[in-house]
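User: I would like to learn how to read the features of a structure. Please take me through them step by step.

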Amino acid sequence: MRFVLSVFVLASWLASAAAAGAEDDLTKLADGVYVRIVEPDSNAVGNSGVLVLEHGVLVFDTHFTPEAGQQLRKAIESVTMKPVLYLVNSHFHPDHTHGNQAFQGVPYSICSYNTRRDILQRDLPAFNRTVAVAGAQVEKLQKELLREKDAGRKESIRTQIAARQQLLARATRLKIFAPYITFDETMSIMDGGREVPLRWIGSGHTDGDIVLLLPGDKIVFAGDLFFNRALPNSQDASLLEWIKTLEHLLKVDADRFVPGHGPVGTRRDVEDFLGYLRELRGMVEPAVTRGDALEQVLAEVTLPGRYSGYRFQEFFPANVQRMYAELKSLKLAEAAAEKPADQKKAKP
Ligand SMILES: [Zn+2]
């Protein structure tokens, strides 16, 4: 499963890299606070944040490709001459970390302990496997090409080889780089007169997502804990935990929330996203209680019309499947927890 996903990620990376993004500009949210909101089908995929502090610049997430990371670096240079001192990754997903190499050598690179673990133990091996498989496929296709007599088939094989070679050429330029300063729940960067708090407020999109708070400006960089007007990628998620974590997020005194994907949002937008996850639970839970099979649930549960304008509609079946699995385990755990008490009662 992991392998299939990584192939998908790399393939989409290749496709998106071809359609290089043109959004070089940073949008200013407050003094020294910028965001680079990108289109998901650009080479950047995920949003990045930039803080210009007294001694240097902090970068929050680095987009999806080394090229997009470089574009981010150029965009930073268009607003300040200060050096980049701090690199922060919100979580381990490639669309937030594969631009890191454009910032390699920054004095302080920071993420949660779990994010560093996942970059090194999941993303890096998955990427290496994908590259190895693409290399093996090129060899196999080259042998097929030698045996093939039909001109049309030969051309098709050549196209497949070229696509994989292009992918391999790009892959060899990518150096996956994990931040080396980690924390579990709370950390603050004190730079000049400014304190920049970083917080792990709970699992959700992954178990390592952190948020960056700017209390004075009432701004939160929420990473992928917040998808604005988009269905979430739930492949590494705990959706039930995510609901609780968003409830915590909404306790933060802020009025602008920068998502990992989509435009800068308001408190209302975060509430809407939380509403989607709660509604998803509400739609799936009765079926789990009845003991319906997953296939039946996938066939019967449909996305309510009010989310029809959301991006990433293709994530809906995976969202349903993840919610189904979590609710099923929850019910099994609850049933198991009830048992010892019953047995106790039965004892004389
Ligand atoms: Zn993500």
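User: What should I know about the model and the numbering?

Analyst: This is a predicted model: local features need pLDDT of at least 70, side-chain atom pairs count only at pLDDT 80 or more, and totals for chains, interfaces and linings use all residues. Residues are numbered from 1 along each chain as its sequence is written, and side-chain values use heavy atoms, with hydrogens and water left out.

User: Which residues are the protein donors of the zinc ion?

Analyst: Donors are N, O and S atoms within 2.8 Å of the metal (3.2 Å for Na, K and Ca); water is not among the atoms, so sites may look incomplete. Here the protein donors are His91 (NE2), His93 (ND1), His205 (NE2) and Asp224 (OD). They lie 2.1 to 2.2 Å from the zinc ion. Their spacing in sequence is H-x1-H-x111-H-x18-D.

User: Why is the arrangement around the zinc ion irregular?

Analyst: Look at the angles. Four donors are tetrahedral if all angles lie between 85 and 135 degrees. Four are square planar, and six octahedral, if opposite donors are over 155 degrees apart and all others between 65 and 115; anything else is irregular. The four donor atoms here subtend angles of 88 to 172°, which makes the arrangement irregular.

User: Where do His93 and Asp224 lie?

Analyst: Helices (H or I, at least four residues) and strands (E, at least two) are DSSP runs, numbered from the N terminus. His93 lies in the loop between β5 and α3 (94-97), and Asp224 in strand β11, so the pair ties together parts that are 131 residues apart in sequence.

User: Are His93 and Asp224 buried or exposed?

Analyst: Buried means under 20% relative accessible area, exposed over 50%, partly exposed in between (1.4 Å probe, protein chains only). His93 is buried, and so is Asp224.

User: How many aromatic pairs does the structure hold?

Analyst: Rings of Phe, Tyr and Trp (its six-membered ring) pair if their centres lie within 6.5 Å. Planes under 30 degrees apart count as stacked, over 60 as edge-to-face and the rest as tilted. The structure holds 10 such pairs. In one of them, the ring centres of Tyr86 and Tyr108 are 5.5 Å apart with planes at 20°, so the pair is stacked. Tyr86 sits in strand β5 (residues 84-88) and Tyr108 in strand β6 (residues 108-112), so the pair links parts 22 residues apart in sequence. Tyr86 is buried, at 8% relative accessible area. Tyr108 is partly exposed, at 41%.

Next, take Phe226 and Phe273: their ring centres are 6.3 Å apart and their planes are at 55°, so the pair is tilted. Phe226 belongs to strand β11 (residues 219-227) and Phe273 to helix α7 (residues 267-290), so this pair ties together parts 47 residues apart in sequence. Phe226 is buried at 0%, and Phe273 is buried at 1%.

User: Which residues do ring pairs link into a cluster?

Analyst: The cluster holds Phe226, Phe227, Trp242, Phe273, Phe312 and Phe315.

User: How many residues does helix α4 have, and what should they span?

Analyst: The expected span of a helix is 1.5 Å times one less than its number of residues. Helix α4 (residues 113-147) has 35 residues and should span 51 Å; its end C-alpha atoms are 51 Å apart, which agrees. Now check for a bend, the angle between axes fitted to the seven residues ending at a residue and the seven starting there. α4 has a kink of about 35°, centred on Ile119. Buried residues of α4 include Ile119, Phe127 and Leu141.

User: What is the span of helix α5?

Analyst: Its 23 residues (151-173) should span 33 Å, and the end C-alpha atoms of α5 are 33 Å apart, which agrees. Among its buried residues are Ile157, Leu167 and Arg170. At the start of α5, a side-chain oxygen of Asp150 comes to within 3.2 Å of the backbone nitrogen of Gly152.

User: Which side chain does the side chain of Arg36 make a polar contact with?

Analyst: A polar contact is a pair of N or O atoms within 3.5 Å. Within protein, one must be able to donate a hydrogen and the other to accept it, and residues adjacent in sequence count only if both atoms are side-chain atoms. The partner of Arg36 is His63, at 2.8 Å. Arg36 lies in strand β2 (residues 33-36) and is buried, at 1% relative accessibility.

User: What is phi of Asp61 and of Arg229?

Analyst: Phi of Asp61 is near 75°, a positive value in a residue other than glycine. Asp61 lies in the loop between β4 (57-60) and α2 (66-77), and is buried at 1%. Phi of Arg229 is near 55°, also positive in a residue other than glycine. Arg229 is in the loop between β11 and α6 (239-249), and is partly exposed at 42%.
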